[in-house]
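Let's take a walk through this one together, starting with a single side chain and then moving on to the sheet. Have a look at the model first.

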Amino acid sequence: MMARLIGPLVRRYRAAGHGIHSPFAYWFVTDVLRHRHGYAYYCYDNINSSAATRRQKQFARLVHRIAAALPPEAIVVTTPNPALKVATQRLTRSGATFSMVVVADNTPLSLEQLAGALNRGSIMILSREHRELAAGLRQQMTAGMSFTSGNGNCVIVGNRQLPLTHYSIAF
């Protein structure tokens with residue numbers, strides 16, 4: 001009971017960067033996930049016009065911010081959402097450290113497939129429909145960081161150079 005009351009307060013506290021000691025995690029939370037600088041990324045208008053719902057728009061904007069901040073070598077989107085297609089256009093970079101997997105809507109995927117990609121160094125962005133899958137991936141991690149929001153969205157950065165850390169924040 002007490003955890004349900006305190007949980008949202010802790011997520012807000014962490015979302016402002018308080019209590020985060022990793023330089024990567026602090027930058028990722030404050031400049032990428034939360035993005036409170038008062039300006040929009042260049043393709044927000046295109047994302048807004050192609051998204052059918054507010055939730056699709058917010059998720060596509062999140063994916064775009066992450067792909068712009070950490071340009072992956074390849075992006076795999078497992079849903080036909082047109083807003084995600086717009087959000088991920090022209091953001092890949094050859095020779096990059098990461099690949100990116102975006103899992104949204106009710107796409108059925110196996111834990112083994114995603115865990116293998118995560119261990120090879122991927123960024124996983126999972127929508128709230130895949131809470132159980134995200135929890136299973138977090139349990140199998142040996143290195144890297146995960147960021148889970150109160151609404152269930154989860155971003156997992158699989159990188160062997162990052163310490164194994166799980167954050168619950170508001171984004």
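Which backbone oxygen does the side chain of Arg34 reach? Keep in mind that this is a predicted model. The answer is that of Ala170, at 2.8 Å. Arg34 itself sits in the loop between helix H2 (23–33) and helix H3 (44–50). Arg34 is buried, yet has no salt bridge: the nearest side chain of opposite charge belongs to Asp31, and that is 10 Å away.

Now for the sheet. Six strands make up an open sheet with mixed pairing, in the order E1-E2-E3-E5-E4-E6. At the edges you'll find strand E1 (75–77) and strand E6 (165–168), each pairing on one side only. From one strand to the next, the twist averages 10°.

Start with E2 (residues 99–103) and E3 (residues 122–126), which run parallel and are joined by five bridges. Val102, for instance, has Ile125 in E3 as its bridge partner. Lying across E2, E3 and strand E5 (154–157) is helix H6 (residues 111–119), which runs at about 140° to E3.

Next, follow E4 (residues 145–148). With E5, E4 runs antiparallel over four bridges, and Thr148 stands opposite Cys154. The two strands form a hairpin with five residues between them, and Gly152 in the turn has a positive phi of about 105°. With E6, E4 pairs in the parallel sense, again over four bridges; here Met145 has Thr165 as its bridge partner.

What about the faces of E4? In a regular strand, side chains alternate between the two faces of the sheet. Both faces of E4 are covered, with Met145 and Phe147 buried on one side and Ser146 and Thr148 buried on the other.

Methods
Residues are numbered from 1 along each chain as its sequence is written. This is a predicted model: local features need pLDDT of at least 70, side-chain atom pairs count only at pLDDT 80 or more; totals for chains, interfaces and linings use all residues. Side-chain values use heavy atoms; hydrogens and water are left out. Buried means under 20% relative accessible area, exposed over 50%, partly exposed in between (1.4 Å probe, protein chains only). Lys and Arg count as positive and Asp and Glu as negative; His and the chain ends are not counted. A salt bridge is a side-chain nitrogen of Lys or Arg within 4 Å of a carboxyl oxygen of Asp or Glu. A polar contact is a pair of N or O atoms within 3.5 Å; within protein, one must be able to donate a hydrogen and the other to accept it, and residues adjacent in sequence count only if both atoms are side-chain atoms. Two strands pair if DSSP finds at least two bridges between them. Axes are lines fitted to C-alpha atoms, for helices over the stretch in contact, and angles run from 0 to 180 degrees between N-to-C directions. Contact means heavy atoms within 4.5 Å.
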